Amino acid sequence: MLVMPAQLVCPRCEQDWVRPYRFKADGTSFLLCTECDSLWWPDEAVAVARAHFLDDVVAARLGVEGNPWSDRVWADVIEPAPDFRR
Ligand SMILES: [Zn+2]
């Protein structure tokens, strides 16, 4: 059981909180900093060295090359999650 800190500052940009989000398609949860678009999976340490980039993850999931936001917006793909479903 992973216990999430109530508020965790993004270690990469230190400008915003890391918040729980999920993919609308299948409910896969992750942590996201909406300031610098850093993404972490729930079983990963929230550290700079382990940060993924939201655009890369979304592009890979959707099978598109390059920028995945040319014909969609965040709300089409992801949404804030009240908690983790694992
Ligand atoms: Zn950040």
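Two strands pair if DSSP finds at least two bridges between them. In this predicted model, strands E2 and E3 pair in the antiparallel sense over 5 bridges. Within that pairing, Tyr21 has Phe30 in E3 as its bridge partner. The model also holds a zinc ion whose protein donors are Cys10, Cys13, Cys33 and Cys36. Salt bridges number 4 in the structure.

**The zinc site**

- Each donor to the zinc ion is a cysteine SG atom: Cys10, Cys13, Cys33 and Cys36 supply them.
- These donors lie 2.2 to 2.3 Å from the zinc ion.
- The arrangement is tetrahedral because the 4 donor atoms subtend angles of 106 to 112 degrees around the zinc ion.
- For comparison, the ideal angle for four tetrahedral donors at a metal is 109.5 degrees.
- Along the sequence, the donor residues follow the spacing C-x2-C-x19-C-x2-C.
- Cys10 sits in the loop between strand E1 (8-9) and strand E2 (17-23), while Cys33 belongs to strand E3 (residues 29-33), so the pair ties together parts that are 23 residues apart in sequence.
- Cys10 counts as buried because its relative accessibility is 0%.
- Cys33 is likewise buried, at 0% relative accessibility.

**Strand pairing**

- E1 and E2 run antiparallel and are joined by 2 bridges.
- Val9 stands opposite Trp17 in E2.
- E2 and E3 form a hairpin, with 5 residues between them.
- Gly27 lies in the turn of this hairpin and has a positive phi of about 75 degrees.
- E2 is also joined to strand E6 (residues 78-80), by 3 bridges.
- E2 and E6 run antiparallel.
- Phe23 has Ile78 as its bridge partner in E6.

- Asp16 is placed in the loop between E1 and E2.
- Its relative accessibility is 16%, so Asp16 counts as buried.
- The side chain of Asp16 makes a polar contact of 3.2 Å with the side chain of Arg19.
- Asp16 and Arg19 also form a salt bridge, with their closest N and O atoms 3.2 Å apart.
- Arg19 counts as partly exposed, at 35% relative accessibility.
- A polar contact of 3.1 Å joins the side chains of Asp16 and Thr34.
- Leaving out residues up to four places away in sequence, Asp16 touches Leu8, Val9, Cys10, Cys33, Thr34 and Glu35.
- Cys10 and Cys33, two of those contacts, are also donors of the zinc ion.

- Side chains of opposite charge can pair when their charged atoms come close.
- Glu79 and Arg22 meet through their side chains in a salt bridge of 2.9 Å, N to O.
- This pair links distant parts of the chain, with Glu79 in strand E6 and Arg22 in strand E2, 57 residues apart.
- Glu79 is partly exposed, at 24% relative accessibility.
- Arg22 has a relative accessible area of 17%, so Arg22 is buried.
- Arg61 and Asp26 likewise meet in a side-chain salt bridge of 2.9 Å, N to O.
- Here too the pair links distant parts of the chain: Arg61 is in helix H1 (residues 54-62) and Asp26 in the loop between E2 and E3, 35 residues apart.
- Arg61 counts as partly exposed, at 38% relative accessibility.
- Asp26 is partly exposed as well, with a relative accessible area of 47%.

- Most residues other than glycine have a negative phi.
- Glu14 is not a glycine, yet has a positive phi of about 55 degrees.
- Glu14 lies in the loop between E1 and E2.
- With 59% relative accessibility, Glu14 counts as exposed.
- Asp37 is not a glycine either, and has a positive phi of about 60 degrees.
- Asp37 lies in the loop between E3 and strand E4 (38-40).
- Asp37 is buried, with a relative accessible area of 17%.

How values were computed: Residues are numbered from 1 along each chain as its sequence is written. This is a predicted model: local features need pLDDT of at least 70, side-chain atom pairs count only at pLDDT 80 or more; totals for chains, interfaces and linings use all residues. Side-chain values use heavy atoms; hydrogens and water are left out. Donors are N, O and S atoms within 2.8 Å of the metal (3.2 Å for Na, K and Ca); water is not among the atoms, so sites may look incomplete. Four donors count as tetrahedral if all angles lie between 85 and 135 degrees; four count as square planar and six as octahedral if opposite donors are over 155 degrees apart and all others between 65 and 115; anything else is irregular. Helices (H or I, at least four residues) and strands (E, at least two) are DSSP runs, numbered from the N terminus. Buried means under 20% relative accessible area, exposed over 50%, partly exposed in between (1.4 Å probe, protein chains only). A polar contact is a pair of N or O atoms within 3.5 Å; within protein, one must be able to donate a hydrogen and the other to accept it, and residues adjacent in sequence count only if both atoms are side-chain atoms. Contact means heavy atoms within 4.5 Å.
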